[in-house]
Amino acid sequence: MDWSNITQVENVANGLLIIILGILSWLGWNRGKGKGRPEQTAEIAGAIVDNSALLKVAAAIEAQTLEMIAHRMQQKDIATSEKDNARAIERGLLAMTKEIEDAKDEIRRLGDSLTRRPP
């Protein structure tokens with residue numbers, strides 16, 4: 001056998017790998033037979049519920065949902081009115097600021113006219 005050819009080395013490696021895997025699988029098969037299957041348990045839980053109780057629960061959930069929607073709408077209305085109030089306050093402040101500026105200008109003009117007036 002000439003080891004210089006790479007295909008021969010590859011074939012020998014593949015053969016060794018097949019032998020090793022065969023031995024490992026045989027060992028696993030024999031160990032698995034001796035132990036048997038592990039015990040499996042399953043738990044199924046259930047409840048017997050009266051139809052009228054389910055209807056009461058569904059009605060309570062629906063009532064709570066409607067209450068939550070009404071609360072959300074109320075909060076939205078409050079937020080909208082708060083925004084409107086803030087805008088109104090801002091407009092009022094701007095108007096007052098303009099009036100103050102106008103009053104300051106009028107006072108300046110009156111002061112200038114008093115200082116320029118001949119005695």
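Colleague: How many helices and strands are there in the protein?
Modeller: This is a predicted model: local features need pLDDT of at least 70, side-chain atom pairs count only at pLDDT 80 or more, and totals for chains, interfaces and linings use all residues. Residues are numbered from 1 along each chain as its sequence is written, and side-chain values use heavy atoms, leaving out hydrogens and water. Helices (H or I, at least four residues) and strands (E, at least two) are DSSP runs, numbered from the N terminus. The protein has 2 helices and 0 strands.

Colleague: What share of the 119 residues counts as buried?
Modeller: Buried means under 20% relative accessible area, exposed over 50%, partly exposed in between (1.4 Å probe, protein chains only). Of the 119 residues, the buried share is 0%.

Colleague: How many salt bridges does a search of the whole structure find?
Modeller: A salt bridge puts a side-chain nitrogen of Lys or Arg within 4 Å of a carboxyl oxygen of Asp or Glu. Side chains of opposite charge can pair when their charged atoms come close. The whole-structure search gives 5.

Colleague: Which residue forms a salt bridge with Asp105?
Modeller: Asp105 is partly exposed at 31% relative accessible area. The closest N and O atoms are 3.0 Å apart, and the partner is Arg108.

Colleague: Where is Arg87 paired, and how far apart are the closest N and O atoms?
Modeller: Arg87 and Asp84 both lie in helix H2 (residues 51–116), 3 residues apart. Arg87 is partly exposed at 46%, and Asp84 is too, at 38%. Arg87 bridges to Asp84, with the closest N and O atoms separated by 3.4 Å.
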